[in-house]
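Dear colleague,

I am passing on the structure we spoke about, and would be glad if you could read it alongside the notes that follow.

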Amino acid sequence: MEKSFTLSRLDSGIAVLTMDVPGETMNTLRAEFGPEICEMLAEIKSDASIRGVVIISGKKDSFVAGADISMLDACSTAGDARELSKQGHEVFFALESLTIPVVAAINGACLGGGLELALACHQRVCSDSNKTMLGLPEVQLGLLPGGGGTQRLPRLVGIAKALDMMLTGKQLRPKQALKLGLVDDVVPESILLQTAVEMALAGARPAKKRKVSLVEKLLEGTPVGRNIIFDQALKQVNKKTQGNYPAPEKIIDCVRQGMTKDMVKGLEVEAQHFGDLVVSSESEALRSIFFATTDMKKESGAGDVSPKAVNKVMVLGGGLMGGGIASVTTTKAKIPVRVKDISETGLSNALAYAYKLLAKGVKRRHMTPAVRDNLMALMTTTTEYKGIKDADMVVEAVFEDLNLKHQMVKDVERECGEHTIFASNTSSLPIKQIAEAAERPENVIGLHYFSPVEKMPLVEVIAHEKTSPQTIATTVAFARKQGKTPIVVKDGAGFYVNRILALYMNEAANLLLEGQSVDHLDKALVKFGFPVGPMTLLDEVGIDVGAKISPILEKELGERFKAPAAFDKLLADDRKGRKNGKGFYQYGNKAKKKLVDESVYGVLGLTPATDKEPRAVAERCVMQMLNEAVRCLEEGIISSPRDGDIGAIFGIGFPPFLGGPFRYMDSLGAKHLVETLKRYQSEFGDRFTPCDRLVEMAESGAKFYD
Ligand SMILES: NC(=O)c1ccc[n+]([C@@H]2O[C@H](COP(=O)([O-])OP(=O)(O)OC[C@H]3O[C@@H](n4cnc5c(N)ncnc54)[C@H](O)[C@@H]3O)[C@@H](O)[C@H]2O)c1
């Protein structure tokens with residue numbers, strides 16, 4: 001087998017160990033590296049003329065981008081994974097124990113196991129390239145750094161900063177890494193190797209002392225202070241994870257044990273916890289999401305059809321959604337956009353939207369003012385159809401009105417080229433109906449974004465019966481360029497995401513009307529793992545918007561979508577949610593805590609209670625969502641359980657640690673689901689009727705995933 005490491009000797013007496021995994025664009029850490037590195041270390045040790053070692057990558061974009069995750073899937077027990085961690089400890093310890101200086105020369109991604117390798121070196125220098133990023137992102141996959149990272153990082157940068165890096169998984173740019181003391185120097189890529197060689201030749205120069213504040217000294221320098229840090233971290237973690245993710249707690253435990261006892265104990269605990277986490281259902285779910293999104297990136301959405309280039313875009317409507325869509329098109333996809341609106345306000349809104357995002361980038365030093373200005377220059381505005389003849393893609397985000405959308409289709413067919421794609425961001429109108437006004441319906445497609453556009457990763461790409469495969473493939477590729485994860489769904493009221501969300505929200509509303517308090521409901525669903533509760537979400541989306549969508553869904557999909565009638569009372573009270581400062585919660589008050597607007601109970605004629613178990617509250621709402629997700633699969637709205645999982649996680653925030661609705665249903669079993677739904681059906685009626693597919697699965701014992 002071709003090797004990943006080569007050792008070359010420079011005249012100066014420095015040995016250069018180059019990592020270059022054959023046949024891959026990125027270096028990833030693999031189990032077979034262990035023996036290879038040990039072989040190289042033996043060679044280095046046996047050669048007395050070698051004065052120092054530089055470890056560098058042969059790849060353009062990565063030092064080491066992390067560990068190869070499929071290596072973890074090969075572990076069938078916690079013991080296997082523990083062994084893997086221990087092997088890593090041994091190799092990195094052997095490297096660290098070399099008596100000659102070892103310097104890591106880092107260019108490109110240095111993440112996870114890659115950073116742990118660099119931490120085992122005596123010094124680190126990195127390039128100032130914007131490809132260079134350093135971090136320990138394992139927590140995002142429900143894991144912890146199992147190659148000694150939980151021990152070496154706090155010893156290098158301090159406990160609080162190390163915890164921050166490991167608990168968030170954040171990636172640092174070169175200058176941030178230097179400031180933190182994670183690297184000893186930052187230099188241009190062209191002199192990276194030379195600098196590393198000079199560092200190795202200079203010998204065991206004591207690491208540059210990083211600046212330590214008095215508070216840090218007091219806290220980290222005493223057992224009492226350290227305990228305060230660990231207890232605080234634990235408290236924050238529990239608040240954030242609601243106890244649903246075990247990895248952060250285990251990271252804190254590794255650091256606590258290692259820093260209060262010793263490194264040997266710390267490594268032992270690290271291997272122990274690493275093993276448990278690798279086989280935990282939470283990490284398996286998070287890894288499945290990672291693999292699903294990686295696979296999806298390779299799919300065109302339309303079989304073998306290749307996308308056409310999109311070099312110019314027009315956005316119709318510069319409101320909330322249009323402003324966001326235009327912004328991600330220029331800032332992420334770097335494609336020129338012309339925004340058309342009938343009002344100057346819409347146009348200035350779109351420009352302000354983009355500028356605000358870019359200004360944030362400058363403030364955080366992610367870009368220079370010159371880059372900001374160049375990106376701003378990609379956006380132009382108009383109130384007339386001018387300068388759009390050659391647009392390859394038009395995204396419409398005008399008011400939700402079928403006649404207006406028809407007008408837009410006609411305008412675009414008249415003003416743009418024959419190839420121009422017309423993508424509608426409608427949230428409720430069937431794309432087929434919009435395409436009825438088109439002479440070229442094959443160019444018409446749905447492209448459904450979520451608000452706020454720059455933050456929400458999902459888009460639904462909706463093909464109606466006549467949408468051409470070419471239009472689908474081009475739209476999918478365009479959305480990906482905007483940094484989105486697209487799922488291709490079939491045309492139908494509410495598409496996928498809003499359809500499953502609507503039933504979940506209705507059930508929460510039913511519980512409210514049965515007397516459960518607003519914050520009790522929200523807390524129950526947050527505890528279940530959603531980022532926000534349903535009442536908060538309804539305030540954000542707009543109670544009026546919900547009221548507009550419900551009848552459309554009810555008409556197209558049936559009685560189960562009927563919103564509770566008492567909600568009309570909220571609208572009669574002009575309660576729209578955050579947008580008009582009047583909803584379930586108080587807005588504009590100075591209190592730091594989010595407070596329920598208690599007057600809402602009076603409007604609904606309720607006395608709030610909290611007597612239902614949070615678990616039971618969550619189950620009732622989630623059951624509705626699960627049952628409807630299966631119906632969407634049954635009807636071909638989504639083409640696979642995988643798309644259903646990704647859509648729900650990225651579009652609604654369905655708890656990632658459960659792997660999405662379909663993986664969650666597999667863990668519960670169809671039999672259990674049908675029994676639960678039937679129990680609710682007998683109590684609350686037919687809206688809980690289990691769908692045919694679930695009933696069949698309950699009988700056959702089938703699962704959604706193999
Ligand atoms: N708001 C959301 O959360 C959300 C989410 C997904 C999809 N959508 C959909 O996106 C679309 C836009 O929603 P929004 O919230 O951005 O609305 P908005 O009211 O904020 O913006 C609509 C804009 O369209 C402009 N407009 C109206 N007629 C026009 C015309 N003839 N030509 C050009 N511009 C015109 C208006 O001046 C306004 O600036 C709707 O179809 C909505 O259903 C909204």
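What covers the buried residues of helix 22 includes helix 20 (497-513), helix 21 (518-528), helix 23 (543-557) and helix 26 (614-634). Please keep in mind throughout that this is a predicted model. Helix 22 itself runs over residues 534-541 and is mostly covered, with 6 of its 8 residues buried; these are Pro534, Met535, Thr536, Leu537, Leu538 and Asp539. Just after the helix comes Gly542, which takes a positive phi of about 110 degrees.

**Helix 26 against helix 30**

Helix 26, one of the elements that cover helix 22, also has a contact with helix 30 (residues 692-700), where the two axes come within 8 Å and cross at roughly 95 degrees. An angle from 65 to 115 degrees counts as roughly perpendicular, and helix 26 is therefore roughly perpendicular to helix 30. On the side of helix 26 the residues involved are Asn627, Val630, Leu633 and Glu634, and they meet Asp692, Arg693 and Leu694 in helix 30. Sorted by class, this contact has 3 nonpolar, 1 polar and 3 charged residues.

The unreviewed UniProt entry places the feature "domain: 3-hydroxyacyl-CoA dehydrogenase C-terminal" at residues 494-587 and 617-701. In the model, residues 494-587 are 61% helix and 0% strand, and the end C-alpha atoms of that span lie 29 Å apart; for residues 617-701 the figures are 73% helix and 0% strand, with the end C-alpha atoms 27 Å apart. The record, again as an unreviewed entry, also gives the feature "domain: 3-hydroxyacyl-CoA dehydrogenase NAD binding" at residues 312-491. That span is 40% helix and 21% strand in the model, and its end C-alpha atoms lie 26 Å apart.

**Backbone details in the loops**

Lys334, in the loop between helix 14 (320-331) and strand 12 (337-340), has a positive phi of about 60 degrees although it is not a glycine, and it counts as exposed because it has 12 C-beta neighbours inside 10 Å, where the cut-off for exposed is 12 or fewer. Arg365, which is placed in the loop between helix 15 (344-363) and helix 16 (369-376), has a positive phi near 60 degrees and is likewise a residue other than glycine; with 10 C-beta neighbours inside 10 Å, Arg365 also counts as exposed. In a further loop, between strand 16 (444-448) and strand 17 (458-463), lies Pro452, and the peptide bond that leads from Ser451 to Pro452 is cis, with omega near -5 degrees.

**Strand 7**

Finally, strand 7 (residues 123-127) is mostly covered, as 5 of its 5 residues are buried. Gln123, Val125 and Ser127 point one way from the strand while Arg124 and Cys126 point the other way, and all are buried. Strand 7 pairs with strand 5 (residues 102-106) in the parallel sense over 4 bridges, and there Val125 is the bridge partner of Ala105. The pairing of strand 7 with strand 10 (residues 185-187) is also in the parallel sense, over 3 bridges, with Val186 in strand 10 as the bridge partner of Cys126.

With best regards

Note on methods: Residues are numbered from 1 along each chain as its sequence is written. This is a predicted model: local features need pLDDT of at least 70, side-chain atom pairs count only at pLDDT 80 or more; totals for chains, interfaces and linings use all residues. A residue is buried if 20 or more other C-beta atoms lie within 10 Å of its own, exposed if 12 or fewer, and partly exposed in between; C-beta atoms are placed from the backbone. Helices (H or I, at least four residues) and strands (E, at least two) are DSSP runs, numbered from the N terminus. Two residues are in contact if their C-beta atoms, placed from the backbone, lie within 7 Å. Axes are lines fitted to C-alpha atoms, for helices over the stretch in contact, and angles run from 0 to 180 degrees between N-to-C directions. Angles under 35 degrees count as roughly parallel, over 145 as roughly antiparallel, 65 to 115 as roughly perpendicular and the rest as oblique. Ala, Val, Leu, Ile, Met, Phe, Trp, Tyr, Cys and Pro count as nonpolar, Asp, Glu, Lys and Arg as charged, and the others, Gly among them, as polar. UniProt positions are given in the numbering used here, feature names are shortened, and annotations may be inferred rather than shown by experiment. Two strands pair if DSSP finds at least two bridges between them.
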